[in-house]
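Reader: I am new to reading protein models. Could we go through this one together, starting with the inside and moving outwards?

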Amino acid sequence: MEPPYAGEHQDHTPHPISPVGEDRISFASTKAPSAGKVILALVIGLAIVTFFYFDLGRFLSLDALRENRDQLLAFTDANYIMAVGIFIGAYAIVTGLSLPGAVILTLAGGFVFGAVLGTVFVNLGATTGATLAFLTARYLLRDTVEQKFGQSLRPFQEGFAKNAFSYLLTLRLIPLFPFFVVNLVSGLTRVSAGTYIGATALGIIPGSFVYAYAGRQLGTINSLKEIASPNVIGAFVLLGLLALVPVVYKKFSAKPVS
């Protein structure tokens, strides 16, 4: 469900038709941001500053994971349900705030829970966090972007909306596109939340499994580059291109036969 437009009110004065499409842009978007948007932006900013100020990223490194692997296994064995909840919550927070460390968390998930369950828990955390980032970008930024660039963005919005699932699936399958960028940019489009969640949950499965499986061999990994080998990336690119087949088919099948 999309967040409501801030400050929307009834007005019987006729207005020109919005150039963006059927969805009307709130004219209150030209005014100062609502208190809710300001508070949300401040909370997000404070959380990000806290993360970097206290150098919490040091806990999300390959060395830290190796050093604490025995403690992680012991804690999980004694408190399995709690460990699952903490893991999914931490992954959602890291992803939702676009913080570094998701790859290390995926390795940790595979190491602690196994490749299959690790992939499931990573998917839940990553999809939840990505959805939060998507909705936040939509709530905070979309009205402003449409107000300023609505006319120029209209062709992109219409084209993306027609094939949103295939496009998003491709972006998720190919790891060359930064995860957080796709989250934020998608929030500025007209793609529905359901389509976004479905494409995200499905598209991140291959990559999550590769890293979760690698987490089982944690002791033999010296660098993250060993996991993201050219062959692995090539396989992801191939999967991403296959996701575009429906778009290409639709485009050529719509052309009249001469």
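Reader: Is Phe-160 buried or exposed?

Author: Phe-160 counts as buried, because its relative accessibility is 10%. Buried means under 20% relative accessible area, exposed means over 50%, and partly exposed lies in between, using a 1.4 Å probe and protein chains only. This is a predicted model, in which local features need pLDDT of at least 70 and side-chain atom pairs count only at pLDDT 80 or more, while totals for chains, interfaces and linings use all residues. Residues are numbered from 1 along each chain as its sequence is written, and side-chain values use heavy atoms, with hydrogens and water left out.

Reader: What kind of pair do the rings of Phe-160 and Tyr-167 make?

Author: The pair is tilted, because the ring centres of Phe-160 and Tyr-167 are 5.8 Å apart and the planes meet at 35°. Rings of Phe, Tyr and Trp (its six-membered ring) pair if their centres lie within 6.5 Å; planes under 30 degrees apart count as stacked, over 60 as edge-to-face and the rest as tilted. Tyr-167 itself is partly exposed, at 28% relative accessibility.

Reader: How many aromatic pairs are there?

Author: The structure holds 9 aromatic pairs. One of them joins Tyr-53 and Phe-54 edge-to-face, with 5.1 Å from centre to centre and 85° between the planes. Tyr-53 is exposed, at a relative accessible area of 65%. There is also one aromatic cluster formed by Tyr-80, Phe-87, Tyr-91, Phe-113 and Phe-121.

Reader: Which residues of the largest nonpolar core touch the most other members?

Author: They are Phe-87, Leu-107 and Phe-113, in a core of 27 residues. A nonpolar core is a set of buried Ala, Val, Leu, Ile, Met, Phe, Trp, Tyr and Cys residues joined through side-chain atoms within 4.5 Å. Two or more residues each come from α2 (62-67), α4, α5 (102-113), α6 and α10, and α5 gives the most, with 7 residues. Another core, of 10 residues, lies apart from it and has Phe-160, Val-182, Val-191 and Ala-193 among its members.

Reader: What does Phe-113 contact, leaving aside its neighbours within four places in sequence?

Author: Phe-113 is then in contact (heavy atoms within 4.5 Å) with Thr-76, Tyr-80, Ala-83, Val-84, Phe-87, Gly-118 and Phe-121.

Reader: Changing topic: how many helices and strands does the protein chain have?

Author: The protein chain has 12 helices and 0 strands. Helices (H or I, at least four residues) and strands (E, at least two) are DSSP runs, numbered from the N terminus. Helix α7, residues 164-173, is mostly covered, with 7 of its 10 residues buried; these include Leu-168, Leu-169 and Leu-173. Of the 258 residues of the protein chain, 36% count as buried.

Reader: And on the surface, which residues form a nonpolar patch?

Author: The patch consists of Tyr-80, Ile-81, Val-116, Leu-117, Val-120, Leu-124, Phe-209 and Tyr-213, which together have about 780 Å² of accessible area. Accessible areas come from the Shrake-Rupley method with a 1.4 Å probe, and for residues only the protein chains shown count as cover.

Reader: Which element gives the most to the nonpolar patch?

Author: That is α6, with 4 residues. Phe-209 has its place in helix α10 and counts as partly exposed, at 36% relative accessibility.

Definitions and conventions. Patches are made of residues with over 30% relative accessible area and no salt bridge: like charges are joined within 9 Å, nonpolar side chains (Val, Leu, Ile, Met, Phe, Trp, Tyr) within 5 Å. A salt bridge is a side-chain nitrogen of Lys or Arg within 4 Å of a carboxyl oxygen of Asp or Glu.
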